[in-house]
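Here is a short note to read beside the sequence and the 3D view. Take the points in order, and find each residue as you go.

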Amino acid sequence: HIASDDFLDSETYPLIIVRADHIEARQTEGRVVGTATVKGNETAVDIAVTDIEVNQTSATLHATAVIDRNAVGLDKFPNFVIGADVAVAINAHLSHA
């Protein structure tokens, strides 16, 4: 249901894009500040990156952010039904192709 046009409308908008304007990186954590584009709508995003593991060929990380669903067009239901803030969890594995 989350992929339907009630929410993400993934058939029309198959990508959620994050553009990083500022990146802070440390050994095992970091922060990305930028813009998220969801359903063609942009909003500021502040992503906390944790548990970064890097080896010779790949990296893994976990990240979290909170976005205002109304700011990105996920506003079909009122805030008392679904809160305005949506927590996003990202688990990524990056490697060379």
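1. Start with one facing pair. Alanine 25 stands opposite glycine 30 in strand E2. E2 covers residues 30-38, and eight bridges join E1 to it, the two running antiparallel. Strands (E, at least two residues) are DSSP runs, as are helices (H or I, at least four residues), and both are numbered from the N terminus.

2. A word on the source. This is a predicted model, in which local features need pLDDT of at least 70 and side-chain atom pairs count only at pLDDT 80 or more, while totals for chains, interfaces and linings use all residues. Residues are numbered from 1 along each chain as its sequence is written, and side-chain values use heavy atoms, with hydrogens and water left out.

3. Now the whole sheet. In what order do the five strands lie? The order is E1-E2-E3-E4-E5, in an open sheet with antiparallel pairing. Strand E1 (17-25) and E5 are the edge strands, and each pairs on one side only. Two strands pair if DSSP finds at least two bridges between them. From one strand to the next, the twist averages 25°. Axes here are lines fitted to C-alpha atoms, for helices over the stretch in contact, and angles run from 0 to 180 degrees between N-to-C directions.

4. Strand E4 (residues 58-68) runs antiparallel to E5, and eleven bridges join them. Threonine 64 stands opposite alanine 89 in E5. How many of the eleven residues of E5 (residues 85-95) are buried? The count is zero, and the strand is hardly covered. Buried means under 20% relative accessible area, exposed over 50%, and partly exposed in between (1.4 Å probe, protein chains only).

5. Next, the charged pairs. The whole structure holds five salt bridges. A salt bridge is a side-chain nitrogen of Lys or Arg within 4 Å of a carboxyl oxygen of Asp or Glu. One of them joins arginine 19 and aspartate 21 (3.2 Å, N to O). Arginine 19 is partly exposed, at 44% relative accessibility.

6. Finally, a linked set. Arginine 31 forms a salt bridge with aspartate 46, with the closest N and O atoms 2.8 Å apart. Arginine 31 lies in strand E2 and aspartate 46 in strand E3 (residues 41-54), so the pair ties together parts 15 residues apart in sequence. Salt bridges that share partners join Glu24, Arg26, Glu29, Arg31 and Asp46 into one network. Within it, glutamate 24 and arginine 26 meet at 3.6 Å between the closest N and O atoms.
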